[in-house]
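Visitor: I am new here and would like a short tour. Could you take my questions one at a time?

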Amino acid sequence: MRIEGKEYRTIWYENDVVKIIDQTKLPHKFIIKELKTVRDAINAIKIMEVRGAPLIGGTAAYGIVLAIQENNDQEFIKKNAENLIQSRPTAINLKWAVNRMMKKLSGINNDQILDVALKEAKEICNEDEKFCENIGLNGLKIIEEIYSKKKNTINILTHCNAGWLATINWGTATSPIYHAYKKGIPVHVWVDETRPRNQGANLTSYELNEEEIPNTIIADNTGGILMQRGEIDMCIVGTDRTLSTGDVCNKIGTYLKALAAYDNNVPFYVALPSSTIDWNIKDIKDIPIEERNSEELSHVEGVDENNEIKKVLVYPKKSKAMNIAFDVTPAKYVTGLITEKGICEASQSALKKMFNKK
Ligand code: MRU
């Protein structure tokens with residue numbers, strides 16, 4: 001998608017280094033950063049220079065490539081595969097991508113291992129781009145249906161950033177929106193600010209602006225009243241891990257939005273590539289939920305009058321704060337799952353049928 005009119009993907013490999021857009025500096029500064037070692041890749045995931053489940057997966061895949069470039073000893077690669085998996089716990093795409101890379105590399109000799117790894121990392125990213133594009137084409141059908149009845153601007157609420165910046169391209173939740181806009185359907189996006197890291201305000205609104213899609217940032221607690229007023233036609237969110245039961249783990253605050261949508265008969269869709277489905281865990285209590293540093297709550301970042309990025313304390317110095325990063329929306333509150341294969345009910349039987357699982 002575009003930034004200042006130029007097409008980008010979120011991650012690419014060039015001259016033996018991995019290049020990313022440093023998302024900790026957006027929307028104020030657009031900086032392309034080079035990852036040269038597997039440690040750089042792990043750090044980029046940890047401090048959220050890259051974030052969003054599919055992009056974390058893509059970065060981890062390239063992390064394996066960087067590890068091999070440094071040292072193609074099996075023990076070194078295995079140790080760093082584990083370190084990559086540990087770098088953030090909730091988004092399952094991370095483990096999925098590392099396991100896929102390691103499976104591909106098993107039995108490959110030292111002369112070929114780098115080429116094979118690089119090809120597979122590129123394939124993981126290309127596949128994600130294609131899957132997200134298909135999510136968009138499938139989700140477009142829902143927007144078209146609502147538009148055929150309403151015949152007026154479709155107002156869509158989204159939470160966190162599940163846009164192209166969270167994936168390789170297109171995004172998950174935003175892909176149907178980009179496709180609808182390209183087809184000439186008038187859309188407007190209510191963007192949840194998404195405290196504490198403000199992915200909605202800093203990333204979703206930014207990327208929608210760059211694609212000229214009308215959007216308005218709202219405080220996280222505003223969705224309820226907008227739904228009561230009939231100002232939201234549908235919600236679409238992304239997910240970091242969706243269980244085969246249809247329960248959806250996503251950025252903290254998603255659950256409350258789903259409850260409000262349920263109470264107001266607003267359709268609540270979740271957009272995801274199959275790499276985000278956890279086919280093993282059955283109970284939401286077993287999902288590893290990330291708890292991050294409370295400083296993300298107590299301090300806010302922005303630019304000063306000289307366009308310098310500054311961090312300031314906004315809480316009382318003595319107050320404790322708690323920063324749980326994700327929550328789980330039970331399947332019963334989800335209208336449907338928009339995947340690369342089609343749209344299905346959020347249930348084990350529907351997911352198994354769609355993905356041909358026994
Ligand atoms: O903490 P983040 O920014 O990595 O969380 C991202 C989200 O919760 C996204 O909504 C999710 O990964 C879906 S990505 C297309």
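What follows is a conversation about the overall fold, the aromatic rings, the cavities and the backbone.

Visitor: What kind of model is this, and how are residues numbered?
Guide: Welcome! This is a predicted model, in which local features need pLDDT of at least 70 and side-chain atom pairs count only at pLDDT 80 or more, while totals for chains, interfaces and linings use all residues. Side-chain values use heavy atoms, with hydrogens and water left out, and residues are numbered along each chain as its sequence is written, from 1.

Visitor: How many helices and strands does the protein have?
Guide: Both are DSSP runs numbered from the N terminus: helices are H or I with at least four residues, and strands are E with at least two. Counted that way, the protein has 11 helices and 18 strands.

Visitor: How does the radius of gyration compare with the globule rule?
Guide: The radius is taken over C-alpha atoms, and the rule is 2.2 Å times the number of residues to the power 0.38. For 358 residues the rule gives 21 Å, and the protein is close to that, so it is as compact as a globular protein of that length. The C-alpha trace spans about 60 × 55 × 40 Å along the principal axes. The radius of gyration itself is 20 Å.

Visitor: What share of the residues is buried?
Guide: Buried means under 20% relative accessible area, exposed means over 50%, and partly exposed is in between, with a 1.4 Å probe and protein chains only. Of the 358 residues in the protein, the buried share is 55%.

Visitor: How are Tyr-8 and Trp-12 arranged as an aromatic pair?
Guide: Rings of Phe, Tyr and Trp (its six-membered ring) pair if their centres lie within 6.5 Å; planes under 30 degrees apart are stacked, over 60 edge-to-face, and the rest tilted. A search of the whole structure finds 6 such pairs. Tyr-8 and Trp-12 have 6.4 Å centre to centre and 45° between the planes, which makes their pair tilted.

Visitor: Why do Tyr-13 and Tyr-62 count as stacked?
Guide: Tyr-13 is in strand β3 (residues 11–14) and Tyr-62 in helix α2 (residues 53–70), so this pair links distant parts of the chain, 49 residues apart. Tyr-13 is buried at 18% relative accessible area, and Tyr-62 is buried at 4%. Their ring centres are 6.1 Å apart, and the pair is stacked because the planes meet at 5°.

Visitor: Which residue lies over the face of Phe-326?
Guide: A charge sits over a ring if NZ of Lys or CZ of Arg is within 6 Å of the ring centre and within 35 degrees of the ring normal. Here the distance from the ring centre is 4.1 Å, and the residue is Lys-251.

Visitor: What is the volume of the largest cavity?
Guide: On a 1 Å grid over the protein atoms alone, a cavity is a set of points where a 1.4 Å probe fits but cannot get out, and lining residues have an atom within 4 Å of a point. Points are joined across faces, edges and corners, and a volume is the space filled by probe spheres set on them. The structure holds 3 cavities of 30 Å³ or more. The volume of the largest is about 210 Å³.

Visitor: Which element gives the largest share of the lining of the largest cavity?
Guide: This cavity is lined by 25 residues, and Arg-51, Gly-52, Ala-53, Asn-161 and Asp-240 lie nearest its centre. Both α2 and β11 (248–251) supply at least two lining residues. The largest share, 3 residues, comes from α2.

Visitor: Which element gives the most to the lining of the second largest cavity?
Guide: The second largest cavity has a volume of about 70 Å³, and its lining includes Trp-96, Glu-127 and Phe-131. Two or more lining residues come from each of α2, α4 (92–105) and α5 (113–150). With 4 residues, the element that gives the most is α5.

Visitor: Where is Pro-27, which has a cis peptide bond?
Guide: Most residues other than glycine have a negative phi, and most peptide bonds are trans. The bond joining Leu-26 and Pro-27 is cis, with omega about 5°. Pro-27 is placed in the loop between β4 (17–21) and β5 (32–35).

Visitor: Is Asn-198, with its positive phi, buried or exposed?
Guide: Asn-198 is not a glycine, yet its phi is about 60°. This residue lies in the loop between β7 and α7. Its relative accessible area is 15%, so Asn-198 is buried.

Notes: On a 1 Å grid over the protein atoms alone, a cavity is a set of points where a 1.4 Å probe fits but cannot get out, and a pocket is an open set with protein on both sides within 12 Å along at least five of seven lines; lining residues have an atom within 4 Å of a point.
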